[in-house]
Amino acid sequence: MNTQLLRLNFTFERDPAIDAWFQAHPGELGALARRWFQLMRQCGDEVRELFHDGCPVACFGDVPFAYVNVFTAHVNVGFFQGASLPDPARLLQGSGKRMRHLKLRPGTPANSAALTALIQTAYSDIKSRAENG
């Protein structure tokens, strides 16, 4: 298990900047991002959040595990340790050393069960990494 974890300062139980960001992203894309970020917020009592690199980020304490971002025609749901997550539905994209994401588009059905499992697994994984090194 990788012991070098990204840590972000100034996480909040609820960051007002994120709520403002969602208000600035109305419509279908904003609704998609809001839906999945809300699930991230509900992963556990230790979930904190912050606005980082232009998008909402969910953290276990100060260690990020997932994010959402809105683009012109899609929403990214990303995972900071996504390269090591089990992904039996093969949803994740990317070739970086650690991060992976998936793209959601309005009108295109998402594999909700698989994405929900990825979010919960990402949270459990980062919690274990943070607590156990």
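Strand 3 (63-70) and strand 4 (residues 75-79) form a hairpin with four residues between them. Five bridges join these two antiparallel strands; two strands count as paired if DSSP finds at least two bridges between them. Strands (E, at least two residues) and helices (H or I, at least four) are DSSP runs, numbered from the N terminus.

A word on the model itself: it is predicted, so local features need pLDDT of at least 70 and side-chain atom pairs count only at pLDDT 80 or more, while totals for chains, interfaces and linings use all residues. Residues are numbered from 1 along each chain as its sequence is written, and side-chain values use heavy atoms, with hydrogens and water left out.

Now step back along the chain. Strand 2 (55-60) is joined to strand 3 by four bridges, again antiparallel, and Cys-59 has Pro-64 as its bridge partner in strand 3. Two residues lie between the strands in this hairpin, where Gly-61 takes a positive phi near 65 degrees. Strand 3 is mostly covered, with eight of its eight residues buried, meaning under 20% relative accessible area with a 1.4 Å probe, protein chains only.

Putting the pieces together, five strands form an open antiparallel sheet in the order 1-2-3-4-5. Its edges are strand 1 (47-52) and strand 5 (100-104), each of which pairs on one side only.

What packs on this sheet? Helix 1 (residues 16-23) does, touching strand 1, strand 2 and strand 3, where contact means heavy atoms within 4.5 Å. Helix 3 (residues 112-132) also packs on the sheet, touching strand 1, strand 2, strand 3, strand 4 and strand 5, and its direction makes about 150 degrees with that of strand 3. Angles run from 0 to 180 degrees between N-to-C directions, and axes are lines fitted to C-alpha atoms, for helices over the stretch in contact.

Finally, look at helix 2 (residues 27-41), whose axis comes within 10 Å of that of helix 3 and crosses at roughly 40 degrees. The two helices are therefore oblique to each other, the class left after under 35 degrees (roughly parallel), over 145 (roughly antiparallel) and 65 to 115 (roughly perpendicular). Arg-35, Trp-36, Leu-39 and Met-40 in helix 2 meet Ser-112, Leu-115, Thr-116 and Ile-119 in helix 3.

Technical notes:
Buried means under 20% relative accessible area, exposed over 50%, partly exposed in between (1.4 Å probe, protein chains only).
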